[in-house]
Amino acid sequence: MPRAKFNTLTEQMFYILLCLKHECCGIDIMDKIPAMTAGRVHVGSGTLYNLLDQFLEEGMIRQTRAEGRRRSYVLTAKGLEALETEYQRLQWQMKDFDRVMGKEDKI
């Protein structure tokens, strides 16, 4: 069965939405992601603009302004909810890892 669209976020999706907590344009996002991940994550322009279009269609972000070809975006309540849901999913994965690997806090 195929995965529901945006049921879980890829790492690139997560960081794009995280960048859009504050208004920014695509080139800003491409600069911010490597900076916030110490160079571990990069998003190419094709992937970025494809995902921005999909996020717009889903109502997860909204366009705030357009200056020529430069468009700026910001996270919506729906996008924030998706980001928070993904954060919780990742937290559960970490807890499961710690439990299975015997790394739970010993009291």
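Visitor: In what sense do strands E1 and E3 pair, and over how many bridges?
Guide: Strand E1 (residues 24-25) pairs with strand E3 (residues 70-75) in the antiparallel sense over 2 bridges, where strands count as paired if DSSP finds at least two bridges between them. This is a predicted model, in which local features need pLDDT of at least 70 and side-chain atom pairs count only at pLDDT 80 or more, while totals for chains, interfaces and linings use all residues. Residues are numbered from 1 along each chain as its sequence is written, and side-chain values use heavy atoms, with hydrogens and water left out.

Visitor: Which residue is the bridge partner of Cys 24 in E3?
Guide: Cys 24 has Tyr 73 as its bridge partner in E3. The strands named here are DSSP runs of E with at least two residues, and the helices are runs of H or I with at least four residues, both numbered from the N terminus.

Visitor: And what joins E2 to E3?
Guide: Strand E2 (residues 61-67) is joined to E3 by 6 bridges, and the two run antiparallel; Arg 62, for instance, has Val 74 as its bridge partner in E3. The hairpin of E2 and E3 has 2 residues between the strands, and Gly 68 takes a positive phi near 65° there.

Visitor: In what order do the strands lie in the sheet?
Guide: The 3 strands form an open sheet in the order E1-E3-E2, with antiparallel pairing. E1 and E2 are the edge strands, since each pairs on one side only.

Visitor: Switching to helix H2, which residues are buried?
Guide: In H2 (residues 26-36) the buried residues are Gly 26, Ile 29, Ile 33 and Pro 34, where buried means under 20% relative accessible area, exposed over 50% and partly exposed in between (1.4 Å probe, protein chains only). They cover an arc of only 120° around the axis, which puts them on the same side of H2; the arc is that of the directions from the helix axis to the C-beta atoms.

Visitor: What does the face turned away carry?
Guide: The face of H2 turned away from its buried side carries the exposed residues Asp 31 and Ala 35.

Visitor: And what covers the buried residues of H2?
Guide: The cover includes helix H1 (11-19), E1, helix H3 (45-58) and E3, with contact meaning heavy atoms within 4.5 Å.

Visitor: Is Phe 97 buried, exposed or partly exposed?
Guide: Phe 97, which has its place in helix H4 (residues 77-100), is partly exposed, with a relative accessible area of 44%.
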